[in-house]
Amino acid sequence: MRTAPKSTSRRAFLKSTTAIAGGLVIGFWLPERQRLAHAQGAPKAPVNPNAFLRIAKDGSVTVMVKNLEFGQGVTTALPMLVAEELECDWSKVRAELAPAAPEYVHTSFGMQMTGGSMSVGDSWTQLRTVGAQARTMLVAAAASQWKAKPEACRAEKGFILGPGGRKASYGSLAEAAGKLPVPEKVELKATKQFKLIGKPTRRIDSADKVNAVTVFGMDMKRPNLHTALVAHPPVFGAKVASFSAEKVKGVPGVTHVVQISNGVAVVAKSFWAAKKGRDALEIQWTPAPGAVLASESLRQQYGELAKQPGAMAKKPADPAAIKSAAKTVVAEYEVPFLAHAPMEPLNCTVEFRGDSAEIWCGSQFQTVDQGAAAKVLGLTPDKVKLNTLPAGGGFGRRANPSSDYVIEACEIAKSVKVPVKTVWTREDDIRGGYYRPMYVHRVEAGIDAHGAVVGWNHTIVGQSIIAGTAFEPFMVKEGIDETSVEGVSDTPYDIANLGVTLHSPKSAITSLWWRSVGHSHTAFVMETMIDELAAAAGQDPVAFRRKLLAKHPRVLATLELAALKAGWGTPLPSGRARGIAVHESFNSVCAQVAEVSIVDGAVKVHRVVAAFDCGLVVNPLTVEAQVQGAIAFGLSAALHGAITFKDGKVQQSNFHDYPVLRMPEMPKVEVHIVPSTADRPTGVGEPGTPPIAPAVANAIFALTGKRPRVLPLGKTKWA
C-alpha cells in the first residue's frame, strides 16, 4: 500500500461531504492551480461543492468526469480509477460529464480542458484518492453503527463487511458516511493489488450511443429553440460592409437576421429554414489581405525561407560537422494544411436569460469557453452554466483559445433573445474554420563511412499555432513555438551535432492544433529522413534505428516489438513491401509497420502492426481502440488530407473533396502493448497518429525506390 503523494495532500483542500438525495458527495479542490483559469475570466471560487462522486441509496455509484468524452473513452477509464480504490461493484458504476467549474480544472494547468492525451494521467492520483477517501468514510460509517473498530471492517464489491458476519451496502451507508469528515490522507493501492485497472473493460457508454440514447450537442432540444446559421467571410480577414435581408423575408420559418462580429446570422424555427434564409442573403464584404492567399505562392515562400536559418531551437555542437561526412543527404519535405472535419459538425446551444445563461456544447476548453461566453453576454462567469455534452469527434477543433463557435452563438442569442442552437455545416467548418498549418522542412544530414550520423541541420517553416493566444507567454520562448519543433529538437535518436531552426511566418489563415499537434508533421520528416540515411548507408532500416536508439531502451523496445510482430525481414507476397516508423510523443512511444502495395498507381495499405508503450495500462480495450482510431485518422490525412487556397478561398468543402478513409481502404490493424513496469499511465489518444504516414511512405520507397517527401501520398501515381 502507498500513501497519496504529500504534495497533493498539502495542496488539496477537501471540501465537506454533504448528503444529497441520500447520497455521498466528495469534493477535491486545487485552488492554487487556477491562475490561468482566472486569467480567462473563470470564477475565483467554486460555485458548488467539488463533487466527483455520488453514491445513491440503490448502491449505484456515479463518477463525474471532468473531461469531454468524444470517443476516447474517458467515461469508462476515469470511473475505473475511482472504482478500483472504492472497491465497488463495477456493474453499478455510472458516469456523468461535469459542467464547467473550478473543481474540475486540470491539476497542473489550472483550467478545465481535454487535450494532449492527458485525461487519465491527470486524474490518475486525483480520482484514485477520491475513491480511497470514499471507501474510508464508508468503512468508518459502518464501524460506527456496529460499534466496531474500522480496522475490523473491510470493503468488497459495494458492501462493508464487519465482525460477526455483519454486512451493509454502500447505498445504506452513504448518507451517514457523507456526514463524516473527509480524510486528508489515504493509502492508495500498489499496482500489484489492482483488481480492475489493467483488465479489459467494456465501455460504459456504448449501449446508450448504439441505442441513440446519448444526447450529443446536435441533439440538444429546449423549449422554443431556434436554429442559427452564419454567413462567414469568404476570405480570411474580410468583414461585413453591408448586407440586404430583403429576399430572406420570404423564407418561411425565418425569424431574425442579425449581424454579428464574424458575419451575418439567420435565425429560424428549423435548420432548413435557416439554411434557405442564409442562401438568400446578399452581403458585401470589405477587401481583405487574405484575398490574395494561394497555396502555390505560400509553398514558394516557405521553400525560400527553408534555405535560410531561422530562430535557433537547438544549437548543434559543431555546425560544420556535415562537411566531414562521407555522404550527405539534403531533402525538402512538405505537408499541407489540414482540417479537423469531425463527424459531428460544430454546434452550440445558448439560452440567455438576461441575468444568467446556460450553454450546451461539446467543449474541450470549458473554462476558456465559459469565460469567453460571459464576456460576450455581459455576465460574470458564475452566471454562465456551461454543460459539457458528448461530442462526435473533435481532434482539437473544440479546443480553440478564441472560443470562436461559442462566442458567435452567444452573440446571436444575446441579440435575438430566444434560445438558439448555432450550427456550422461541414462546409462552414472546412471552408472557414481553423487548420493544422502547412509546413516545409529542409534537412541536411551526413553520415560517415560506417553509416554513423555525424551531423543534422533541420529548418522548419510554418506559422505558429500558439502566437496570439493566451498560451503564448508559456509556450513560445525566444521566438520558438515549442509545438512547431516538438519531435525534432527533442528526438530520442542519438544524433551527433543536431541543429534545429524555425521560421514562423505570419498569415491571415486561422490555425489550430490538430490531433498529435506538432508531431503530426515532425514524425513524418524525422522517420522518412532516418530511412533515407539508412538507405544511403546501405543498412536495414530497423538495424539503422536500433543503433541510434541504444540510449533509449523504451523506444528501442517498442521498435523491436513492432518489427517482431510484423515479421520484419520475412518474405511477403509479390508486389508488397514493409515500411517502419517509431515516434515518441505525449510521453508514450508508438512504432508501426505498414505493409503496402501499388494498385493502379495508388497506394494500398494492407496491414499495420503497431507496438505501443503507454506506461501502466488502465483499460487495454481502450488502448487498442485508440491506436486503431489514430491509425485510421492519420492514414486519412496521409493518403488524402489537404486544404488548399486560391484567391484567398478554401478549395475544399466536404468529404467528397476532403475525404476521410473509406471502409475498403481500412487496413487490418494489430495493436501490441509493450509490457511496462511503469507505475502510472501516459498518453494514449494522440501518439498513434504520427507514425503511420512515415511508415507508409517508407514502405512505398521499399517497393518503388521512389522517396515520398510530400503529403498527401494519394495524389501521386507511384507506378
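Trainee: Are D428 and R278 buried or exposed?

Mentor: First, the ground rules. This is a predicted model, where local features need pLDDT of at least 70, side-chain atom pairs count only at pLDDT 80 or more, and totals for chains, interfaces and linings use all residues. Residues are numbered from 1 along each chain as its sequence is written, and side-chain values use heavy atoms, with hydrogens and water left out. Buried means under 20% relative accessible area, exposed over 50%, and partly exposed in between (1.4 Å probe, protein chains only). Here D428 is buried, and R278 is buried too.

Trainee: What joins D428 and R278?

Mentor: Side chains of opposite charge can pair when their charged atoms come close. A salt bridge is a side-chain nitrogen of Lys or Arg within 4 Å of a carboxyl oxygen of Asp or Glu. D428 and R278 form one, with their closest N and O atoms 2.9 Å apart. The pair links distant parts of the chain: D428 sits in helix α11 (residues 426-432) and R278 in helix α7 (residues 271-279), 150 residues apart. Helices (H or I, at least four residues) and strands (E, at least two) are DSSP runs, numbered from the N terminus.

Trainee: How many salt bridges does a search of the whole structure find?

Mentor: It finds 36. Take E69 and K209, with closest N and O atoms 3.8 Å apart.

Trainee: How exposed is each partner?

Mentor: E69 is buried, at 1% relative accessible area. K209 is partly exposed, at 28%.

Trainee: Which residue forms a salt bridge with E87?

Mentor: K195 does, at 3.2 Å from N to O. E87 is in the loop between α3 and β5 (93-97), and K195 in the loop between β9 (187-188) and α6, 108 residues apart. E87 counts as buried at 13% relative accessibility. K195 is exposed at 53%.

Trainee: Which residues do salt bridges with shared partners join into one network?

Mentor: R576, E595, R607, K668 and E670.

Trainee: Now the whole protein. How many helices and strands does it have?

Mentor: It has 18 helices and 31 strands. Buried residues make up 60% of its 719 residues. Its C-alpha trace spans about 80 × 70 × 45 Å along the principal axes.
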